[in-house]
Amino acid sequence: MAQIGPTTNGVYIISVTPFTDQGDIDWASVDSLVEFYIAKGVSGVTILGMMGEAHKLAETESAAFAKYFIERVASRVPVIVGVSNAGVDSLVHLSKSVMDAGAAGVMIAPAAGLKTEVQIRDYFATVFKRLGPSLPVCFQDYPLGSGVNISVPAFLQLVDDHPSLVMFKHEDWPGLKKLQQVRRACDGQARRRISILCGNGGLYLPQELHRGADGAMTGFAYPEMLVDVCQTFFAGRSEDAEDLFDVYLPLVRHEQQIGIGLAIRKEILRRRGAIKSAAVRMPGPRLDKDDLEELDGLMDRLERRLAVVRSRSGIAA
């Protein structure tokens, strides 16, 4: 399987980690989830991200899950593995393990507790030295989750210092100007090109594409929306892409609620047949009767509106 690089584009869906109601990894649901994502036309999959509950898995579980997932994908699409860890030794060990298993690259967020850009620079200098020059890395910029902020100049210094940094996952919020500045600086002329994929649940996807993103890396429970919007946008039909996005926006927004969003995402995936249980590993939220009824209405409304937009725009169902 090809590794990620400066021209990687499309939709790399952030996968959930399926659990049984008892909290064990649900291996059968891993199988169905992989087939669900691939059937929806994603360009790749990213596992063990923050919304994949990676922080709730033991190191042995993370390695076993990654190996199993990569084997199930069977080189049909690239798989990126989140390896962020407070301990550099653990990060490096998992990185090398998943690359040996066939991963296309790893995603790393700055370790929590890095307060200055000098600390961020020194941390990544250590990480990149330990990983070696041939292992491709996606830098995850998600200050809301990591608590670590990095300026554009400091990030560009990392790009200059570390050639194996080939992708930027943009999740700063607000951050459209930051995305645009990174794209202009890393356009293949002013500086070597890097791939830019955006997260934040897809909340700002059309604007991020206009600002220079190469696609999305997020986990919205309707991957086909992300795929259709990106493909329609890059086909030169940005208005049609916006129209389609608008239809899904109530659910995109609903799924992004802090504290409960992952439970909503998993429940939608359960209803769509991708996983057997919507369980979030403890400690985690559970949806109550009102939450479920509310979701009924949003999903029903989506189906009604989709028929109208697709008939007008010519986007396939």
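What follows is a chat about salt bridges, cysteines and surface patches.

Reply: Ground rules: this is a predicted model, where local features need pLDDT of at least 70, side-chain atom pairs count only at pLDDT 80 or more, and totals for chains, interfaces and linings use all residues. Residues are numbered from 1 along each chain as its sequence is written, and side-chain values use heavy atoms, leaving out hydrogens and water.

Me: How many salt bridges are there in the whole structure?

Reply: A search finds 22, taking a salt bridge as a side-chain nitrogen of Lys or Arg within 4 Å of a carboxyl oxygen of Asp or Glu.

Me: What does glutamate 35 pair with?

Reply: Arginine 72, with N to O at 3.3 Å. Glutamate 35 sits in helix H1 (residues 27-39) and arginine 72 in helix H2 (residues 59-73), so the pair ties together parts 37 residues apart in sequence. Helices here are DSSP runs of H or I with at least four residues, strands are E runs of at least two, and both are numbered from the N terminus.

Me: And arginine 183, which partner does that have?

Reply: Aspartate 214, at 2.7 Å from N to O. Arginine 183 is in helix H7, while aspartate 214 is in the loop between helix H8 (205-210) and strand E8 (215-216).

Me: Is that arginine 183 and aspartate 214 pair buried or exposed?

Reply: Arginine 183 and aspartate 214 are both buried. Buried means under 20% relative accessible area, exposed over 50%, and partly exposed in between (1.4 Å probe, protein chains only).

Me: Switching to cysteines: how many disulfides?

Reply: The count is zero, with a disulfide defined as a pair of cysteine sulfur atoms within 2.5 Å.

Me: Last topic, which residues form the nonpolar patch on the surface?

Reply: Leu144, Trp173 and Ile258, with about 350 Å² of accessible area together. Patch residues have over 30% relative accessible area and no salt bridge; nonpolar side chains (Val, Leu, Ile, Met, Phe, Trp, Tyr) are joined within 5 Å, like charges within 9 Å. Areas come from the Shrake-Rupley method with a 1.4 Å probe, and for residues only the protein chains shown count as cover.

Me: Where is tryptophan 173?

Reply: In the loop between strand E6 (165-170) and helix H7 (176-185). Tryptophan 173 is partly exposed, at 36% relative accessibility.
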